[in-house]
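Hi everyone, thanks for having me. Let's take a few minutes to walk through a structure together, one piece at a time.

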Amino acid sequence: MDFRGFDRPDRDPAGDAAGVRSVKVMIAGGFGTGKTTMVGSVSDIRPLTTEETLTQAGAGVDDLVGVADKQETTVSLDFGKIGLNDRLTLYLFGTPGQERFWFLWNGLFKGALGAVVLVDTRRLASSFRAIEEMERQDVPFVIALNVFPDSRDHPVEEIRDALDISPDIPVVACDARDRASSRDVLVALIRHLKDRSAVALESR
């Protein structure tokens, strides 16, 4: 995958090889961490969502600790896309966060080049399953700390230790409601993929 110029939207592609490259990216995380919000805020198109209203039937099944005000939930996937420049388009697939829908993840992850794991620092444990899935399927990822109004400011290394992730995995703060902030997370992911590719080539 050629990532040249991915983070320079104003770059003139004249003289480069023709063609737009597309990359499948997962937006994962626990229930209520902001996955649907991120896809919606950053997508160049009207996003496809599969949100349904939470009902009393889910009481005792869905863990609403910390997200008691949440009214809807993704039951299949969210989909959007964003062009980082004239030559690179990201197709975004948001995963369902509730445990009862995790069986859908295996199919969603097929063909994914990388992922963003959204984390709510008030409920770190809610994203453990997403991190485990990245490691199990060997999908490169970055951690995006979605800053909520009442989130505490934790040192990055403290978060890294709590999530038990390696030092080479980027950890960035973001506001999933903000397009520029969400785009910066995706740029951080592509940089991470580029760095991993360079290391792999050097080791040959």
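**A histidine and its neighbours**

Let me begin with histidine 192, which touches Pro140, Phe141, Val142, Asp168, Ile169 and Pro170, leaving aside residues up to four places away in sequence. Before going further, please keep in mind that this is a predicted model. Where does histidine 192 sit? Its place is in helix α5, residues 179-202. Is histidine 192 buried or exposed? The cut-off for buried is under 20% relative accessible area, and histidine 192 has 7% relative accessibility, so it counts as buried.

Now let's move to a strand, β6, which covers residues 114-119. How many of the six residues of β6 are buried? Six of the six are, so β6 is largely enclosed by the rest of the structure. In β6, both faces are covered. On one side we have Gly114, Val116 and Leu118, and on the other Ala115, Val117 and Val119, and all of these are buried.

Who are the partners of β6? Strand β1, residues 21-29, runs parallel to β6 and is joined to it by five bridges. If you'd like to find that pairing on screen, look for glycine 29, which stands opposite leucine 118 in β6. β7 also pairs with β6 in the parallel sense, over five bridges. There, valine 117 stands opposite isoleucine 143 in β7.

Next comes helix α4, residues 156-163, whose buried residues are Ile159, Arg160 and Leu163. Why are these three on the same side of α4? Because they cover an arc of only 100 degrees around the axis. And what do they pack against? They pack against β6, α3, β7 and β8, so we meet our enclosed strand β6 again.

Let me finish with two loop residues. Most residues other than glycine have a negative phi. Aspartate 138, however, has a positive phi near 55 degrees. Aspartate 138 lies in the loop between α3 and β7, and at 62% relative accessibility it counts as exposed. Just after α4 comes aspartate 164, with a positive phi of about 55 degrees. Aspartate 164 is in the loop between α4 and β8, and with 65% relative accessibility it counts as exposed.

Note on methods: Residues numbered from 1 in each chain as written. Predicted model: local features only at pLDDT ≥ 70, side-chain atom pairs only at ≥ 80, totals over all residues. Heavy atoms only, no water. Buried < 20%, exposed > 50% of the residue type's maximum accessible area, 1.4 Å probe, protein only. Helix = DSSP H or I, 4+ residues; strand = E, 2+ residues; numbered from the N terminus. Arc of directions from axis to C-beta. Contact = heavy atoms within 4.5 Å. Pairing = 2+ DSSP bridges.
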